[in-house]
Amino acid sequence: MYLILFDVDGTLLHCGPQVRELFAGALEAVYGRAGDVDGYAFAGKTDPQIVTDLQRGAGLSDEQIAAGLPRFKRTYLDGLERHLRREGMRLLPGVETTLERLAARPEVTLALLTGNWERGARAKLARFDLNRFFGFGAFADHAADRRRLPPVALERALQATGRAFRPEQTLIVGDSHADVDAGRANGIPVLAVATGWASAADLEAAGADWVVPDFGAVDGFHPAFAS
């Protein structure tokens with residue numbers, strides 16, 4: 001039995017610049033400043049981590065940031081659900097075919113492990129009807145530290161399926177150093193796809209167990225992906 005945990009941005013799809021713009025607008029609305037949004041690397045970060053980093057850089061205290069975070073979350077997610085445009089997004093190569101093939105295998109359970117808040121992840125996936133593959137997951141709603149999300153995913157898998165997946169029966173699929181780090185911190189192997197902002201060489205150097213250029217090349221790299 002295998003549990004496969006998928007990241008969203010850079011792994012399954014790209015949203016283009018529109019999410020960064022919506023994030024910046026919500027920061028301005030709540031905190032009165034966006035911080036250095038254009039210069040900030042979003043890849044692999046959790047949503048609350050991004051807010052904290054940007055607002056610390058803009059001079060706010062942790063207390064001020066925490067006080068505004070619930071309102072920011074509502075404002076940003078409301079805007080994302082209303083204004084995210086599919087025509088500004090891109091589904092990455094081989095994603096839907098791979099998910100359909102995995103979902104058809106009774107020994108495989110699919111779930112999400114992402115730095116997005118759940119409403120945000122679901123809004124992005126809904127633009128390509130991908131939520132049907134993922135009944136549960138671990139999200140930034142559960143922890144701001146990405147390293148803490150894999151244990152949440154294992155617990156939610158137990159609740160959803162009745163199966164206690166061990167780390168060696170689990171696989172994280174992602175595109176960033178943070179995905180690799182979260183796996184290594186929890187003894188979970190990582191299949192990295194070089195479809196995000198990190199190169200294949202960088203992902204290998206970070207310690208990914210397997211690195212592929214995209215989902216068209218996943219066959220044979222892990223038992224769950226056997227043809």
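Predicted model: local features only at pLDDT ≥ 70, side-chain atom pairs only at ≥ 80, totals over all residues.
**Entry 1: aromatic pairs**

I began by searching the whole structure for aromatic pairs, and the search gave 10. I then picked out Phe 72 and Tyr 76, whose rings are stacked, with 5.8 Å from centre to centre and 10 degrees between the planes. Where do Phe 72 and Tyr 76 lie? I found both in helix H3 (residues 62-83), 4 residues apart, which is about one turn of the helix.

Next I looked at Phe 133 and Phe 134. Their ring centres are 6.5 Å apart and their planes stand at 70 degrees, so I noted this pair as edge-to-face, because an angle over 60 degrees counts that way. Are these two buried or exposed? Phe 133 has a relative accessible area of 10%, so I wrote down buried. Phe 134 is buried too, at 2%.

I went back to Phe 72 and Tyr 76 and saw that they belong to one aromatic cluster, together with Phe 23, Tyr 40, Phe 42 and Trp 117.

**Entry 2: nonpolar cores**

How many residues does the largest nonpolar core have? I noted 54, and the ones with the most contacts inside it are Ile 4, Phe 6 and Phe 72. Helix H1 (residues 18-31) gives the largest share of this core, with 7 residues. A second core is separate and has 22 residues, among them Ala 143, Val 152, Ala 153 and Val 190.

I followed up on Ile 4. Leaving aside residues up to four places away in sequence, Ile 4 touches Leu 102, Val 108, Thr 109, Leu 110, Ala 111, Leu 171, Val 173, Ala 224 and Phe 225. A reminder to myself: in soluble globular proteins, nonpolar side chains tend to be buried together.

**Entry 3: helices H1 and H3**

I looked up how H1 and H3 pack: the angle is about 135 degrees and the axes are 8 Å apart. The two helices are therefore oblique to each other. Their crossing is right-handed. On the H1 side, the contact includes Leu 22, Phe 23 and Ala 26, and on the H3 side it includes Gly 68, Phe 72 and Tyr 76.

**Entry 4: Gln 169**

Last, I visited Gln 169, in the loop between helix H6 (149-161) and strand E6 (170-174). Its relative accessibility is 16%, so Gln 169 counts as buried, as the cut-off is under 20%. Not counting residues up to four places away in sequence, Gln 169 touches Met 1, Tyr 2, Leu 3 and Ala 164.

Conventions: Residues numbered from 1 in each chain as written. Heavy atoms only, no water. Phe/Tyr/Trp six-rings, centres within 6.5 Å; stacked < 30°, edge-to-face > 60°. Buried < 20%, exposed > 50% of the residue type's maximum accessible area, 1.4 Å probe, protein only. Core = buried A, V, L, I, M, F, W, Y, C linked by side-chain atoms within 4.5 Å. Contact = heavy atoms within 4.5 Å. Axes fitted to C-alpha atoms, helices over the stretch in contact; angles between N-to-C directions. Parallel < 35°, antiparallel > 145°, perpendicular 65-115°, else oblique. Left-handed = near helix turned anticlockwise from the far one by under 90°.
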